[in-house]
Amino acid sequence: KLTTWTRRGVKQTHPYTILGDSWRNIFQVMSIPDFLQKVYYMYPNTRYTGFYQILKPVLMIKNPELIKQIAIKDFDHFTDHRSLGTDEDFEPLFATQLFFLKGQRWRDMRALLSGSFTSSKMKTMYGLIAESADHFTDYFLKQSIDLIELDLKPAFTRFTNDVIASTSFGIQVDSMTEPDNQFYRMGSEIANFNNLKTFFKIFAYLLVPSLSRFLNMKMFSKESSTFFTDIISQTIKMREEKNIVRPDMINLLLEVRKGIVKKDDESVTDTGFAVVEESQHISKTPKKHRELTDTDITAQAIIFFLAGFDTVSSAMSNCCYELAINPEAQDKLREEIKSVLAENNGEISYETTLKMEYLDMVVSETLRKYPGLSSTDRICVKSYTIEPKTPDEEPVHLKPGDMVFFPNFSVLRDPKYYPDPDKFIPERFSEENRSKIVPYTYIPFGIGPRACIGTRFALLEVKTILIRLLSKFEVVPVEKTKIPMAFNRSTLSVVSDNGYPLALKRLK
Ligand code: HEM
């Protein structure tokens, strides 16, 4: 019987012996957000609840102050994410990605990469994002029909694919007009964690890593690893031989490798309320421990792809879904877009994008209702005790290897922090209301030194596409649009189970 948490004095779920609580997700009886809600509300007045991911005991931390304590104040005890069993000598392209690196290796890499995600670096890359957004909008503008019915998610996925191809791999593709291009095919293959084969690979890694190694079961196919490695190494070679400078991520990483540190222009406006500032932990880490190899650069370009492909297209889709079913919010946003553009001679630039306050409120509220990842984990790396705060709590002793879990989705939908949590209310994030948000409850990008590194990039992409789309089209619901949304049961992200059937209505 799985009773680890009961024995440690923690209230726990009622798991099955072999699959723990995961049977609901394995057999897709329940979506992950719905499962989180079930555990979160099982013992309403507790700060934490124990549950089991297959056989692994996991402690769900529900209280925002305790989340802060673990993720920020006592971060040194919880520096890592759960590993998927692969390690550097077995599959370097997977294991050296920032998300999976551990301890000092993670700190060094994060410190090296963080300088590439500042506001002024985003401003430099804005032109590339805007170019892909123009191709995307032109594709629809060229169609001579007034009402284009489509599933918006696959369309946005093609857009985010093209942005990462351009900004992280240095190549230009237009996946709307060339739907079968090789980059999109290979990218979709590595980013698809929902197929049965990948599911069993992950299952095997978690249960018997040695068997996975023995059977040489790698996360990426040989074809896709070779494809991405070749693109990066050819691009690096060409840039070094011909002294080519392109305002993209590869260029920034090559500068890091050469030790070129360009001073950031701190006057550049930031991309939005949801930005997570880089932590002091990271800025204090020495910048140059180990040189970035070509494999390191490829692995990071791949994680930017994996982390930014589905999350960003989901945010765009969820936002358009909400705007379609809340037409007054859509009209208000379009008014703002039109008036800021009129004040700036119709020019859409990095600066004009960030002048749009209601746009920022709409995006912040979208990420509150639909955080890209419904939860995130931390592994205890140094023994730790959660001291009791109430008479019914006992000290909870955590040892290295124990796993804690932040239910981002449930915190962001908790009526204690966000009244009427299922309603889409951008005004929660107006200048005057922001200060009322309870600290450490706005966590769509995670929290602490290990939070998302790409927050600015993600917000800029979402805003860039929304401005273009909404200035030319109205997004409207169609018969198949499901209200309210039911969540997809096979993914960690917070997305609809019947896609995003909507229509783009050309503005007169
Ligand atoms: C709306 C879009 C996005 C959402 C909602 C999102 C959310 C997240 C979350 C929740 C985490 C885990 C944080 C934690 O454990 O506390 C994360 C990590 C990460 N994200 Fe994002 N993300 C988004 C877009 C992006 C983009 C565009 C990039 C890169 C260009 C990116 C790169 C990363 C990386 C590298 C990590 C691992 C950081 C580390 O372990 O140090 N993400 N993201």
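Asp 310 is partly exposed, with a relative accessible area of 28%; partly exposed denotes values between the limits for buried (under 20% relative accessible area) and exposed (over 50%), computed with a 1.4 Å probe on protein chains only. The model is predicted, so local features need pLDDT of at least 70 and side-chain atom pairs count only at pLDDT 80 or more, while totals for chains, interfaces and linings use all residues. Residues are numbered from 1 along each chain as its sequence is written, and side-chain values use heavy atoms, with hydrogens and water left out.

Asp 310 forms a salt bridge with Lys 153, and the closest N and O atoms are 2.6 Å apart. A salt bridge is defined as a side-chain nitrogen of Lys or Arg within 4 Å of a carboxyl oxygen of Asp or Glu. This pair links distant parts of the chain, since Lys 153 belongs to helix α8 (residues 152-168) and Asp 310 to helix α15 (residues 294-325), 157 residues apart. Helices are DSSP runs of H or I with at least four residues, strands are runs of E with at least two, and both are numbered from the N terminus. Lys 153 is buried, at a relative accessible area of 14%.

A further salt bridge joins the side chains of Arg 456 and Asp 270 at 2.7 Å, N to O. Arg 456 lies in helix α21 and Asp 270 in the loop between α13 and α14, so that distant parts of the chain, 186 residues apart, are linked. Arg 456 counts as buried at 11% relative accessibility, whereas Asp 270 is partly exposed at 27%. Salt bridges with shared partners also join Arg 8, Lys 399 and Asp 402 into one network.

The salt bridge between Asp 264 and Lys 121 has an N to O distance of 3.4 Å. Asp 264 is in the loop between α13 (249-258) and α14 (280-283) and Lys 121 is in helix α7 (residues 119-141), so the pair ties together parts 143 residues apart in sequence. Asp 264 is partly exposed, with 24% relative accessibility, and Lys 121 is buried, with a relative accessible area of 14%. The count of salt bridges comes to 34.

The iron atom of the ligand has a single donor from the protein, the SG atom of Cys 452, at 2.3 Å. Donors are N, O and S atoms within 2.8 Å of the metal (3.2 Å for Na, K and Ca); sites may look incomplete because water is not among the atoms. Cys 452 is located in the loop between α20 (431-434) and α21 (455-472).
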